[in-house]
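User: Hey, could you walk me through this fold? I'd like the cut-offs spelled out as we go.
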Amino acid sequence: MKSVLAAVAIAFSATGAFAADAIQIATAARSIRPGEVVLFTATTSQPVAAMRARAFDRDLATFQLDANRWQSLLGIDLDTQPGTYEVSFEGLSEGRTVTTTTVLAIAPRVFGRRVLAVDDAFVNPPDPVVARIMREAAELEQLWTQSEPRRLWRDGFVRPVPGRANSAFGTRSVFNGEARQPHGGADFLSPAGTAVHAPNGGRVVLAHDLYFTGNTVVIDHGLGVFSLLAHLSVVNVHEGDAVARGETIGEVGATGRVTGPHLHWAVRINGARVDPLAVLATLGRPALGVRATHR
């Protein structure tokens, strides 16, 4: 169940005649824990030309809904330590500035553990493969920093395949008895050949085979939001293609490091690894019912 928390402006400064409650902040999230997604809605008492947001010592992208409402997304990375964190907002208009700060109390989260048996080459790759793995990791890390500076998605996010996820986000994985990186996405146990749909609109920025994730498609949804869809048997899109929400981008397969056919869906928001199911809960069809205007 998605929870909605309300936060009221607690600080402001302005050269114009803004009221003390010039910005009010509403916070929507499934929960406030590592791996979750937070949607902020900033409502101003007067229209502003721009809205800035900042959390975790980095800027957050914002987008405008109407004359007095702006929204911003925050991804809480799965390795974020529990504690209290400030989120600041600054509205700018014709030389006037109004600011406010709200607080997020991030609760602890205990992730599960899974033990899997795979081809040993995917646990201890031979030396010639290590260079490829490092090159592909660097390619992905660079992609996360090069998002389109405008919102490419429309309305709510949708599941890329039918059915429920069968592998929990953040699970600590043990492959052939050796601990590896936590599971950074959600797995959907779907038959090979099942159509895979774009979770939302965007631009394809990667569409080729990677060592660990096999045939992989990465969609840039804009404003620092990315979807990675992995282990495909067939890829139907090319890098540079624009895709719409629900468009078929490939088929479920068993390529890369897998134990059988399934779809792996991972989401990054401003570099943070977040649970795709949190994206559906917070940014699904009912959550983004108001169309935005863009600046």
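Analyst: Contact here means heavy atoms within 4.5 Å. Among contacts in the protein between residues at least 6 apart in sequence, 69% join residues at least 24 apart. This is a predicted model, where local features need pLDDT of at least 70, side-chain atom pairs count only at pLDDT 80 or more, and totals for chains, interfaces and linings use all residues. Residues are numbered from 1 along each chain as its sequence is written, and side-chain values use heavy atoms, with hydrogens and water left out.

User: How many helices and strands are there in the protein?
Analyst: There are 2 helices and 22 strands. Helices (H or I, at least four residues) and strands (E, at least two) are DSSP runs, numbered from the N terminus.

User: And what share of the residues is buried?
Analyst: Buried residues make up 51% of the 295 residues. Buried means under 20% relative accessible area, exposed means over 50%, and partly exposed is in between, with a 1.4 Å probe and protein chains only.

User: Let's do strand 7. How many of its residues are buried?
Analyst: 6 of its 7 residues are, which leaves strand 7 mostly covered.

User: How many bridges join strand 3 to strand 7?
Analyst: 7 bridges join them, and the two run antiparallel. Two strands pair if DSSP finds at least two bridges between them. Strand 6 (residues 62-66) also pairs with strand 7 in the antiparallel sense, over 4 bridges, and a hairpin joins these two through 2 residues.

User: Which residue is the bridge partner of A42 in strand 7?
Analyst: A42 has W70 as its bridge partner. W70 is the bridge partner of Q64 too. T62 stands opposite S72 in strand 7.

User: Switching to the core. Which residues touch the most other members in the largest one?
Analyst: V37, L73, V196, V217, I249 and L263 do, out of 35 residues in that nonpolar core. A nonpolar core is a set of buried Ala, Val, Leu, Ile, Met, Phe, Trp, Tyr and Cys residues joined through side-chain atoms within 4.5 Å. Another core lies apart from it, with 22 residues, among them A29, L60, W70 and I76.

User: What is L73 in contact with?
Analyst: Leaving aside neighbours within four places in sequence, L73 is in contact with V37, V38, L39, L60, A61, W153, V225, I269, N270 and L283.

User: Now the aromatics. How many aromatic pairs are there?
Analyst: Rings of Phe, Tyr and Trp (its six-membered ring) pair if their centres lie within 6.5 Å; planes under 30 degrees apart count as stacked, over 60 as edge-to-face and the rest as tilted. By this rule the count comes to 7. F40 and F89 form one that is edge-to-face, 5.5 Å centre to centre with 70° between the planes. F40 lies in strand 3 (residues 37-44) and F89 in strand 8 (residues 83-93), so the pair ties together parts that are 49 residues apart in sequence.

User: Last one: what's the strand order in the open sheet of 4 strands?
Analyst: The order is 5-4-8-9, with antiparallel pairing. Strand 5 and strand 9 (96-106) stand at the edges, each with a single partner strand, so one side of each is left without a neighbour in the sheet.
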